[in-house]
Amino acid sequence: MIDHIDRNILRHLKEDGRMTATALAAKVGLTVAPCHRRLRDLETSGVIRGYKADIDPAAVGLGFEAIVFVTLRQVDRSTMEIFENRVADNPNIVEAQRLFGSPDYLLKVIAEDLPGYQRFYDAELTSLPGVERLTSTLVMKNIKSNAGPPL
């Protein structure tokens, strides 16, 4: 169970994951040792899943985004497992959620541009196991992304 101090630590790290333990301790009103211990406990328990850079896809030539709704032909354990493993291994699929109801999955895909997305769609998405139907919606503008949970 996390308390208000842990939530405060998480709130500050969500804004700046590179913050030093010393700076973090000062922000949350602790000395460095107890702050570092709490931070280590949050990491060990899996509350903090990792640290990574927030990279602008357009800045690295991947400015085209699509949301893809996937309906499987048959929803059984084997098909879902193979499908989910292939999706997880594909670097152009940057988010994936399994849904209740129809469709079965929502994927967020990035590509260089529309022709690049078409090539990806034709070569990768249509070859995913068990796919019955793919429906793409193109992203016009990102308003909010990677916000994380409210703390």
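## Ground rules

Helices (H or I, at least four residues) and strands (E, at least two) are DSSP runs, numbered from the N terminus. What you're looking at is a predicted model, where local features need pLDDT of at least 70 and side-chain atom pairs count only at pLDDT 80 or more, while totals for chains, interfaces and linings use all residues. Residues are numbered from 1 along each chain as its sequence is written, and side-chain values use heavy atoms, with hydrogens and water left out.

## The annotated stretch

Let's start with residues 2–63: they are 53% helix and 0% strand, and their end C-alpha atoms sit 38 Å apart. An unreviewed UniProt entry lists this span as "domain: HTH asnC-type"; such annotations may be inferred rather than shown by experiment.

## Two cores

A nonpolar core is a set of buried Ala, Val, Leu, Ile, Met, Phe, Trp, Tyr and Cys residues joined through side-chain atoms within 4.5 Å. Buried means under 20% relative accessible area (1.4 Å probe, protein chains only). The largest core here has 19 residues, and V68, V70, F83, L107, Y117 and L125 have the most contacts inside it.

## Strand β1 and its partners

Seven of the nine residues in β1 are buried. Strands pair if DSSP finds at least two bridges between them. β1 pairs with β3 in the antiparallel sense over seven bridges, and E65 stands opposite I110 there. β1 and β4 also pair antiparallel over seven bridges, with A66 partnering L138.

Notes
Buried means under 20% relative accessible area, exposed over 50%, partly exposed in between (1.4 Å probe, protein chains only).
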